[in-house]
Structures are given as structure tokens and as C-alpha cells.
Amino acid sequence: MNARSIAASVTVLCLCLVAASEGQDIRLQQGNDFIARGDFAAAERLFREALQGEPRNRVYRAQLGLCLMQQKRHEEAERELQAVLTQHPDDIAASWYLAQNKYLAGSYREAAGRFRSVLRLLDQRSAQYYSAYWFIGTSWRAVLLRKPPDLASAIVGGGSSGEAGLVQAEVDEMVDAYRKYLDLQPQAPDRSAIEQFLAWVSKSRPPANVRRWIIVNQP
């Protein structure tokens with residue numbers, strides 16, 4: 001299982017959730033049909049037109065953000081999704097899309113935090129719930145394995161979102177998130193690969209007195 005495939009499958013589930021909550025909204029159904037077919041430009045046009053008539057409709061705006069995200073227009077997507085969350089902080093779709101947008105834009109530290117926050121909004125029986133743990137673990141893994149621009153700047157970095165490596169608490173969260181995902185998905189297709197990675201982490205992580213784990217040579 002890779003990031004794109006799991007993102008795509010959970011996006012479809014979110015579409016079902018949004019559509020069901022809004023009943024017989026024809027424009028929403030049409031826009032979501034475009035999204036399901038992968039025609040994100042057509043869906044974007046439809047939701048922009050719908051927002052001209054209903055500028056306060058948070059569902060249309062969240063779906064517009066999704067369309068922009070899928071077209072890799074991450075800054076535009078973030079503006080639309082943040083606009084929804086400013087007025088409706090617990091909007092599930094906008095919260096989920098924003099977390100995905102951070103992930104797909106490569107802002108992995110922020111993605112981990114967003115997925116952690118969205119967990120409280122999700123039904124624990126839903127696919128989004130276990131997928132959030134996958135995204136948390138995979139986001140931290142991406143940070144850990146990100147090659148630093150140079151070792152000196154990585155060591156003395158001031159904690160910016162682009163800083164290489166993980167502090168011990170972040171390693172713990174990565175491991176815990178992956179274990180939770182595997183507990184919730186006993187038949188996960190990527191179980192073997194994740195278990196091998198966790199075994200490598202257990203063997204290779206530095207002792208507790210080391211503040212930050214930075215990978216210089218990739219495993």
C-alpha cells in the first residue's frame with residue numbers, strides 16, 4: 001500500500017460521508033461524481049459556480065479544497081480548507097482534507113499533527129480512523145528518512161518544519177501509530193513491510209539520551 005492509493009480510497013469514503021450528510025443536493029452529487037471519475041477540473045468549476053450562489057456553503061468549499069488538492073494546487077487548497085475551519089473548526093471533511101493536503105504537499109510534520117487532531121472527530125469503526133494512524137506513522141517515517149541538506153544544519157536546526165530527523169517522542173508516536181494501525185487492520189496488505197520497518201527501528205534507534213535521531217545513510 002502506498003500513500004497515493006490509500007489517499008484515493010479514503011477520499012472516496014469521505015465523498016460518501018459528505019454526500020450522505022447533505023441528502024439530495026444535486027450539485028454536490030454532480031461534483032462528487034466528477035471527483036469519483038478523477039475529473040477534478042470539472043468538479044472545481046462546478047463547486048466554484050455553486051459557491052457564487054451560496055458563498056457560505058462549507059460543504060461546497062471543502063469539496064473545492066479537495067479538488068485543488070488533487071490537482072496539486074496545495075496552497076490554494078489550504079486557503080479554502082482553512083476558510084471552512086475558521087468558521088467550523090470541527091468540520092470532518094475539511095479537517096481530513098487539510099491533513100491529506102499537508103501530507104501530499106510533503107509537509108509531513110504538520111500532516112502528523114493534523115491527522116492526530118482529526119482522530120477525535122472520526123467514528124472509530126470507520127476506514128478514516130485506522131487510515132489516520134497509517135498517515136501519522138508514515139508522515140513521521142518520511143521525516144525520519146528525509147535526507148538533511150547537510151549534517152551540521154540538521155544538528156543545530158531550530159525545530160522548523162523542514163528539520164531532519166525525529167526527537168524521541170516523535171519516534172514513539174510513529175511506532176505507536178503504526179502499531180495501532182496494524183491492530184485495527186489485522187489483514188493490512190502492508191503489514192509485513194511495516195513490521196519489518198518497526199523491527200529495524202527497535203534495533204537501530206539511538207538511546208534515550210540522544211536528543212534527535214538523524215539518518216545519514218538510508219536503510
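Axes here are lines fitted to C-alpha atoms, for helices over the stretch in contact, and angles run from 0 to 180 degrees between N-to-C directions. Helices (H or I, at least four residues) are DSSP runs, numbered from the N terminus.

**Before you start**

This is a predicted model: local features need pLDDT of at least 70, side-chain atom pairs count only at pLDDT 80 or more, and totals for chains, interfaces and linings use all residues. Residues are numbered from 1 along each chain as its sequence is written, and side-chain values use heavy atoms, with hydrogens and water left out.

**Stop 1: colour by confidence**

Color by pLDDT, the predictor's confidence in each residue, from 0 to 100. The protein averages 87, and 81% of the residues score at least 70. Now select residues 19–23. Here the pLDDT is below 50, and the stretch has five contacts (heavy atoms within 4.5 Å) beyond near neighbours in sequence. Select residues 152–161 next. The pLDDT is again below 50 there, with 13 contacts beyond near neighbours in sequence.

**Stop 2: α2 and α4**

Select α2 and helix α4 (residues 58–70). Their axes lie 11 Å apart, and the two pack at an angle of about 15°. That makes α2 roughly parallel to α4 (angles under 35 degrees). The crossing is left-handed: the near helix is turned anticlockwise from the far one by less than a right angle.

Show side chains. From α2 come R27, L28, N32 and I35; from α4 come V59, Y60, Q63, L66 and C67. By class, this contact has six nonpolar residues (Ala, Val, Leu, Ile, Met, Phe, Trp, Tyr, Cys and Pro), two polar and one charged (Asp, Glu, Lys and Arg); the others, Gly among them, count as polar.

**Stop 3: α2 and α3**

α2 passes α3 in a left-handed crossing.

On the α2 side, pick R27, L28, Q30, G31, N32, F34 and I35. On the α3 side, pick F40, A42, A43, L46, F47 and A50. These residues divide into nine nonpolar, three polar and one charged.

**Stop 4: E54**

Select E54, in the loop between α3 and α4. Leaving aside neighbours within four places in sequence, E54 is in contact with R27 and Y60.

How values were computed:
Angles under 35 degrees count as roughly parallel, over 145 as roughly antiparallel, 65 to 115 as roughly perpendicular and the rest as oblique.
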